[in-house]
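Here are my notes after a pass through the model you sent. I've kept them to salt bridges, cores and one surface patch.

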Amino acid sequence: MNSSRTSRGLLGGLAAGAVGTAVLNAVTYADMAWRGREASTMPADTVEALAERIHLPVGGSAAQRGNRLTALGALSGTVAGLGVGALVGTVRAAGLRLPRGVGAVVTGAAAMAATDLPAAALGVTDLREWTPQDWVSDAVPHLAFGVAAHSTLHLVDPGVRRGSTVVVDRPAKASAGLVARSALLGVATGGRSSLGFAGPALTGSSSPAKVLALAGLGFELYQDKQPATPSRLSAAGLPARIASGVGGAVALARREHRRVALPVLAGAFGALTGSIAGASWRSWAGEFVPDWQAAVVEDVASVTLAVLASR
């Protein structure tokens, strides 16, 4: 991918993120006006928790401190929106062009994760205690963000520009075999999250990518067996494994110049299934053997699945 194309993707993504953020705010304020509810304090609380974590307190009187936290919370939302837009625009420039419906949902989910996961990681909220109404109130504005941002990207970059001509290079439909291998790779990432990158890299990339993949896999194989390692089903662990399954599916599809929508869905479902199955295996096997032995069995199974899926 050349630098000019990367720059266009980045700038287009920033524009898309700005439009998406404006729409998200409009939908949020419309909901507040309709239901008469208070504004969410989660952005400000997240900024406060982060400031305390990095030992950078927000100063001023009580009123000034509260106003600063509110403003910083709003600014953090804008930064998150621009960041997600830039990421999606750059990925699109690299050749991943999702259908509008899928792209809007994925973009909205990325924006939602960019705000909710840091808050959960800092202890500001517990996603497991959210009610259905909480999820809907959060998901609808972020879906609006996704629709607006992805539509903006489509308008500013409808295809691959060659000179004065726009050429849409459409990959072939995903084969049943590719979808099955994407699901299989997803199951492997449910066991070891680094395999979403490592599987395709080790079977079809350059030597530097293989070294990086081996380093990441080796670190995870070690870290997985430490007592302090959090559960893969936690609010931070499960989305990372699903994202890895999606990334691995995209890599397999791009290698065969195939459409990514079905492989992405298969990879995400496989990662979810593999995460639940892996956690269940460790819980069951831990009653009969030391946990590290159960982990080694899972290591072998996950790596084997990833190699078979990626060859």
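1. A cut-off to start with: I call a residue buried when its relative accessible area is under 20%. Keep in mind that this is a predicted model. Asp299, with a relative accessible area of 10%, therefore counts as buried. Arg192 is buried too, at 0%.

2. Those two residues pair up: Asp299 and Arg192 make a salt bridge, with the closest N and O atoms 2.6 Å apart. It's a link between distant parts of the chain, since Asp299 sits in helix H11 and Arg192 in the loop between H6 and H7, 107 residues apart.

3. What else does Arg192 form a salt bridge with? Glu298 is a partner as well, and here the closest N and O atoms are 3.3 Å apart. Arg192 is in the loop between helix H6 (176-191) and helix H7 (195-204), while Glu298 belongs to helix H11 (residues 291-310), so this pair ties together parts that are 106 residues apart in sequence. Both Arg192 and Glu298 are buried.

4. Zooming out, these contacts belong to a salt-bridge network that links Arg192, Asp224, Lys225, Arg232, Arg282, Asp291, Glu298 and Asp299. Over the whole structure, the search turns up 14 salt bridges.

5. Another one to look at is Arg241 with Glu220, whose side chains meet in a salt bridge at 4.0 Å, N to O. Arg241 is in helix H9 (residues 237-255) and Glu220 in helix H8 (residues 207-223), 21 residues apart. Which side of the cut-off are they on? Arg241 is buried, with a relative accessible area of 10%, and Glu220 is buried as well, at 12%.

6. On to the nonpolar side. The largest nonpolar core has 18 residues, and Leu96, Leu178, Leu185, Leu195, Val260 and Ala306 have the most contacts inside it. At least two of its residues come from each of H6, H7, H8, H9 and H11. Ala306 touches Leu185, Ala188, Leu195 and Gly199, leaving aside neighbours within four places in sequence. There's also a second, separate core of eight residues, including Ala16, Leu24, Val84 and Phe145.

7. Last, the surface. In soluble globular proteins, nonpolar side chains tend to be buried together. Here, though, Trp281, Trp284, Phe288, Val289 and Val297 form a nonpolar patch on the surface, with about 500 Å² of accessible area together. Of these, Trp284 is found in helix H10 (residues 261-285).

Terms used:
Residues are numbered from 1 along each chain as its sequence is written. This is a predicted model: local features need pLDDT of at least 70, side-chain atom pairs count only at pLDDT 80 or more; totals for chains, interfaces and linings use all residues. Side-chain values use heavy atoms; hydrogens and water are left out. Patches are made of residues with over 30% relative accessible area and no salt bridge: like charges are joined within 9 Å, nonpolar side chains (Val, Leu, Ile, Met, Phe, Trp, Tyr) within 5 Å. Accessible areas come from the Shrake-Rupley method with a 1.4 Å probe; for residues, only the protein chains shown count as cover. Helices (H or I, at least four residues) and strands (E, at least two) are DSSP runs, numbered from the N terminus. Buried means under 20% relative accessible area, exposed over 50%, partly exposed in between (1.4 Å probe, protein chains only). A nonpolar core is a set of buried Ala, Val, Leu, Ile, Met, Phe, Trp, Tyr and Cys residues joined through side-chain atoms within 4.5 Å. Contact means heavy atoms within 4.5 Å.
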